[in-house]
Amino acid sequence: MQSPLPVRNGVNATRLRLPDEGPWETAMDYVLDRFGHVDPDGIIDRFDRGEVVGLGGAALTRRTPLHEHTFIWYYRELPQEDRLPVEISILHQDENLLVVDKPHFLPTTPGGMYVAESALVRLRVALDIPDLIPMHRLDRMTAGVLLFSTNPETRGKYQVMFEKRRIEKEYEAVAPVREDLELPLTVRSRMIKSRTYLLAQEVAGEPNAETRIELLEESNGLGRYRLLPHTGKTHQLRVHMASLGIGILNDPFYPVLLDQAPDDYTRPLQLLARSVEFMDPLTRQTVQYRSRLSLDAFPPAAAAQ
């Protein structure tokens, strides 16, 4: 459903579904009941300024009946965010596609305490492309190649490519070495991720997650690994590596969930989306985009051999 409000400062308007019935006479009564504990005066001001709209862009007032609209849109009042000390690099840009190197610690999309400080919002503002949309996502703690659509008219062709897994992704990780583990190998398991639970879990059942793991080189008990995911479950690579007893270096979640602490920018998760390769659905040419970043935990001398 198309928002009647344009992107503002790189951020989409928030959509809210109103209930069909209830004890509220007006739409504002419902919004105040649901969110008034945060900023009741601010909510009333938004209605008075005509900044809460329905489908088609019609502004709601204090007296708009609850049942007059099913969905409403409004801009959230965003908190002030400190800029994260990381930067995005552009690998490729044309009229249809933007490919970037996302740094560690920067989320792909707005969420929680990170809104302006997300790759999507930063890029929308910096490049003045309000229609920019990510084609896939990387965890906040994972760095590497990230693709965005810049053109709504061709976006669907790229979305189909991802939905049908017509794209090859290669990741790189630094983790301990197990001398008794025979590599390469393919890990298959059933994974679930609850919206209310922080961690992904492996459970009994038909596998829905698959990763090929290869050891590229080792030095002083650490290995540089190539990870080739066949599926894209949340935290899949981190879970599969931890399940083998070789959890990725500096992972605060797996195999053990550490106490929440401020980000340590000197100790990023040693996981990098090294490359993506696919047949471009528009040009029908095979393209590959590779990250220019590196994982600094693996001994440089060994990595150069």
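Methionine 241 touches Ala175, Ile213, Tyr225, Leu227, Ile246, Gly247 and Ile248, leaving out residues up to four places away in sequence. Contact here means heavy atoms within 4.5 Å. Before going on, the conditions: this is a predicted model, where local features need pLDDT of at least 70, side-chain atom pairs count only at pLDDT 80 or more, and totals for chains, interfaces and linings use all residues. Residues are numbered from 1 along each chain as its sequence is written, and side-chain values use heavy atoms, with hydrogens and water left out.

Which core does Met241 belong to? Met241 is in the largest nonpolar core, which has 35 residues, and is listed there with Phe148, Tyr225, Leu227 and Leu271 as having the most contacts inside it. A nonpolar core is a set of buried Ala, Val, Leu, Ile, Met, Phe, Trp, Tyr and Cys residues joined through side-chain atoms within 4.5 Å. Buried means under 20% relative accessible area, exposed over 50%, and partly exposed in between, with a 1.4 Å probe and protein chains only.

Elements that each supply at least two residues of a core are next. For the 35-residue core, they are β5 (97–102), α3 (119–127), β7 (143–149), β8 (167–176), β9 (185–192), β12 (222–229), α5 (236–243) and β13 (271–279). Helices (H or I, at least four residues) and strands (E, at least two) are DSSP runs, numbered from the N terminus. There is also a second, separate core of 14 residues, including Tyr158, Phe162, Ile167 and Val287. As background, nonpolar side chains tend to be buried together in soluble globular proteins.

Take α3 on its own. Its buried residues include Ala119, Leu120, Val121, Arg122, Leu123 and Arg124. β5, β6 and β7 are among the elements that cover the buried residues of α3. After the helix comes aspartate 128, with a positive phi near 55°.

Now threonine 142, in the loop between β6 (133–134) and β7. Is threonine 142 buried or exposed? Threonine 142 counts as buried, because its relative accessibility is 2%. Neighbours within four places aside, its contacts are Lys102, Pro103, His104, Tyr171, Leu269, Leu271 and Ala273.

Two other loop residues for contrast. Histidine 67, between β2 (53–54) and β3 (71–74), is exposed, with a relative accessible area of 66%. Its C-alpha lies 41 Å from that of histidine 235, which is 168 residues away along the chain. Glycine 22 sits in the loop between β1 (14–17) and α1 (27–35) and is partly exposed at 43% relative accessibility. From glycine 22 to isoleucine 88 the C-alpha distance is 47 Å, for a sequence separation of 66 residues.

For the chain as a whole, there are 305 residues, and 46% of them count as buried. The secondary structure comes to 6 helices and 14 strands. Along the principal axes, the C-alpha atoms fill a box of roughly 70 × 45 × 40 Å. Of contacts between residues at least 6 apart in sequence, 61% join residues at least 24 apart.
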